[in-house]
Amino acid sequence: MSSFANTTPFASNPISNKAELAQYLVGLLDPLAAHTSPGGARIHLGFTGTHYDEAAAQLEGFSRPIWGLASLLAGGGSYPGVERWVRGFANGTNPDHEEFWGNMRNKDQRMVECSAIGFALSVAREHIWDPLPPQGKRHLEEWLGGMNDKEMPNTNWLWFRVFANLGLSKVGSSRFDAKRMKADLDHLDTFYIGEGWSRDGPEGVVQLDYYSSSFAIQFAQLVYSKLAQKEDPERCEEFRNRACKFALDFVHYFDEEGRAIPFGRSLTYRAAMSSFWGALAFADVEPPAPLTWGAVKGLQLRNLRYWARQPGAYNIDGTFTIGFCYPNHNMTENYNSPGSPYWFCKSFIALALPESHPFWASPEEPYPFALRNTVKPLYKPLHIATNLGGHTYILSSGQQCSYPVKQSAAKYGKFAYSSAFGYSVPVGNLTLEELGADSALALSADDGETWKLRRETKEARIENGKWLHSMWYPWKDVSVETWLIPPTKDVPLWHLRIHRIKTARKLLSAEGGWAIYGQGPDDRALEPSTGEAFGTLENGSEARATSKAGVSGIAELRQKPSRKGKAMRTDANTNLIVPRAVMPTLMDEHAPEEGDIWLVTAVFGLPTANGENGAAPGWEAEWRKRPAIPQEIAALMG
C-alpha cells in the first residue's frame, strides 16, 4: 500500500519537550497569517456556515489560537506574529473600523470567544494589552465588558464571562464586574455533582462529556484556581480538590498510545480532549497516586503526538480541517465554523510553565501500569471503562444532551465508545448502511424504511458495580431493557449486551459491533476470508472483519438461527476514525406474538497496537472463547 499521502507537516516532531511543543504550536500559527484580514481582526478559513453570523465565525478563527499563543508568551516564549493579534484587538473592538466584531447580544457566539481573550489578558498582559494604544485599550475593555448585562445559556458558557471578567481585573479595567463574576461562579458551583464531576447544564439531565472536563469546566476551574488564588482562595482550593478526584476517573478515557475515547459532541476540537492534563500542571496540582508528573506529562504529550500524525486533521497548508481523523461534516455541530477546531490550542497550556516545573523536569512515563488491564465503574457519567486485553473503551447508558444536538443518538446513546474504533454517525436515512449503527441496536417498524437507535435512555444505573442496566422506548408500544456487561480477565476481548424487547408491532433489528477499517493491503475493499487473514467472515449467527486496524466481531450466544451475521460495508464517512469501514452486524425479525424477545450479543474487539499491521497473531484463540451470561440475568430469561 502506498503511503505517500499519509503524513503531516508535523510528523517528524517528537513533541517530547517544551521547545518541541512550542515548535508544533508555531507550525499551527504560521499558516493563519495567509488567512488573516488586513486589520488583523478576522481569520477566514473557509466558506461553510454555522447557526451564527460570519463575523462571529471569523472572530472564532482569530480568538481560538490565542489559547496557545498566550500560553507560549506566558512561558517566556516569543512569536513574531503576535503583532497580528495586537492589531486585531484594536480593530476588532473599534465600532468605527470595518473589521469590528459587533457588540454582543444575548446568548451570542461572541461570548464563547471571550474566554481565550480573558485568559490572554491574564497571563500575557505585557504582550497583548500593554502594546495597545489608549483608544485600543478602551475599546477592548468596553467590548469585553459588554457581556456583563447579557443573557447567557445555563451551561458551561458562564465560564466564558468569568474569564472575560478575570482578564479585565488583571489589566485593572473599570469594566471588571466583581459582583457579576461571583454570581456566575456561584451558579457554576451548582453544576457540581460530587466525586470531582460537574454536569454541563441544568439539573435532571446527565450530560458529562468532554465539556465537563477538558473542553470547559475542569479546564476552567484549574486555570481559575491558579489565576485567582489570592482573591478567591477557598473556591480555588475546592476546584483543585475536585480535579484530584476527577483525574482518577478521567485517566480511564485514555489509552496507552495517547488516544482519548471519542464520546459526545464537539470532537472536532481533537487534542483539546486532553487539555485537562496540561491545566492540572498549570494549576500546580500534585497528581494523585498512581498518577505522577511523568504520567501526566505522558498523557498530554502522547495525545498531542497522535494528532500531529493524523494527515486528515490538516489541510494542505497546515490549517485544521473540520472533522476528526479526516474532514467530516457529518459528525460536526451546527456551531462548528472553519475556525472552531482551534479550541485544540487549549492543549498547549503547559507552554506557560517554566522548564523547571515538574511537568517538564520529570521524564515522561507510559500509561500507569497499575491502571492497565482494569475494569472501572464510573458512577457519575454512567460509564464502565475498561482496557482489558489492550482495548480501551467505555460502556455507556444514560447520557444525553439537554438540547437538540446533531446526531445525538450516535454521540450519546450508543452502547460503547472505543479509543481505537471511535463511533459512527448517520450520513443519510434511506438504508441501514447509511445509519452507521455501530455499538447500537437499530430497530425498524416499517420493513427497513426508517430505523431508530437508542437516544433517550431511562432508568440507567450501574448495578452492584457489575454492569449497566437501562430502559429505552423507541415507540410507545415498544420497550427495550438493556444490560451492558464488561469483559472479564478470562474473556478479555469480549463484552456482552443483553436486550429484552417487548413489542406490539413487527420489528426488524440490526445490532452492530465495532466499525473497523474496511480495506485490505491492496487498498481494495475487504473480501471474505478465513482464519486470521485480513477479510470478512459471515458464519450463521456471527460475523467478523479483520484488517490492518485489528479485529472486530459479533456473535449471538443463544441458539437463535433467525439472527444472521453480516459483515456490512457502511457508507463512506460514517465512522470518525476511518472513512471506509466494515461493521459486523446481527440481523433479525421479531413478531409481537413472540412475547419477551431476548437478544444475547457478544461483541469482540482487538485493535492493532503501536502501529503494527493488524492484530497480534494468535487472536483467533480468543475469538473462539465466549463470555458467560451472568446468572442473575440468565434467571430472568428462564
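Predicted model: local features only at pLDDT ≥ 70, side-chain atom pairs only at ≥ 80, totals over all residues.
Let me start with Glu463, which counts as buried at 19% relative accessibility, where buried means under 20% relative accessible area, exposed means over 50%, and partly exposed lies in between, with a 1.4 Å probe and protein chains only. Glu463 sits in strand β8, residues 457-463; helices (H or I, at least four residues) and strands (E, at least two) are DSSP runs numbered from the N terminus. Leaving out residues up to four places away in sequence, Glu463 touches His469 and Trp483, a contact being heavy atoms within 4.5 Å.

Residues are numbered from 1 along each chain as its sequence is written, and side-chain values use heavy atoms, with hydrogens and water left out.

Now to the chain as a whole. The protein chain has 18 helices and 19 strands. Its radius of gyration is 25 Å, close to the 26 Å that the globule rule gives for 638 residues, so the chain is as compact as a globular protein of that length; the radius is taken over C-alpha atoms, and the rule is 2.2 Å times the number of residues to the power 0.38. Along the principal axes, the C-alpha trace spans about 80 × 50 × 45 Å. Of the 638 residues, 65% count as buried, and of the contacts with a separation of 6 or more, 69% are between residues 24 or more positions apart.

Let me turn to the salt bridges, of which the structure holds 45, each being a side-chain nitrogen of Lys or Arg within 4 Å of a carboxyl oxygen of Asp or Glu. Asp53 pairs in this way with Arg110, with 2.8 Å between the closest N and O atoms. That pair links distant parts of the chain, since Asp53 is in the loop between α1 (18-29) and α2 (54-63) while Arg110 is in helix α5 (residues 109-123), 57 residues apart. Asp53 is partly exposed at 34% relative accessibility, whereas Arg110 is buried at 6%.

Which helix holds both Glu237 and Arg240? Both lie in helix α11, residues 233-250, three residues apart, which is about one turn of the helix. As a general point, an α-helix has 3.6 residues a turn, so residues three or four places apart point the same way. Glu237 is partly exposed, with a relative accessible area of 39%, and Arg240 is buried, with 19%.

A further salt bridge joins Arg259 to Glu257, the closest N and O atoms being 3.8 Å apart. Salt bridges that share partners also join Lys182, Asp186, Asp189, Asp232, Arg235, Glu238 and Arg242 into one network. Arg259 is buried at a relative accessible area of 14%, and Glu257 is partly exposed at 27%.

Helix α4 is my next stop. Nine of the eleven residues of this helix, residues 82-92, are buried, so α4 is largely enclosed by the rest of the structure. Among the buried residues are Arg84, Trp85, Phe89 and Asn91. The buried residues of α4 pack against α1, α2, α3 (66-74), α5, α6 (125-128) and α7 (134-145).

Finally, the loop between α11 and α12. Val251 has its place in that loop, with α12 covering 275-282, and Val251 is buried at 1% relative accessibility. What is Val251 in contact with, leaving aside its neighbours within four places in sequence? The contacts of Val251 are Trp277, Leu291, Leu299, Tyr367 and Leu371. The C-alpha atoms of Val251 and Ile261, ten residues apart along the chain, are separated by 11 Å.

Two further residues of that loop deserve a look at their backbone. Ser266 lies in the loop between α11 and α12 and has phi near 65°, a positive value in a residue other than glycine; Arg270, also placed between α11 and α12, has phi near 50°, again positive. Ser266 is buried at a relative accessible area of 1%, and Arg270 is buried at 1% relative accessibility. The peptide bond from Ala289 to Pro290 is cis, with omega near 10°, and Pro290 is in the loop between α12 and α13 (293-308). For context, most residues other than glycine have a negative phi, and most peptide bonds are trans.
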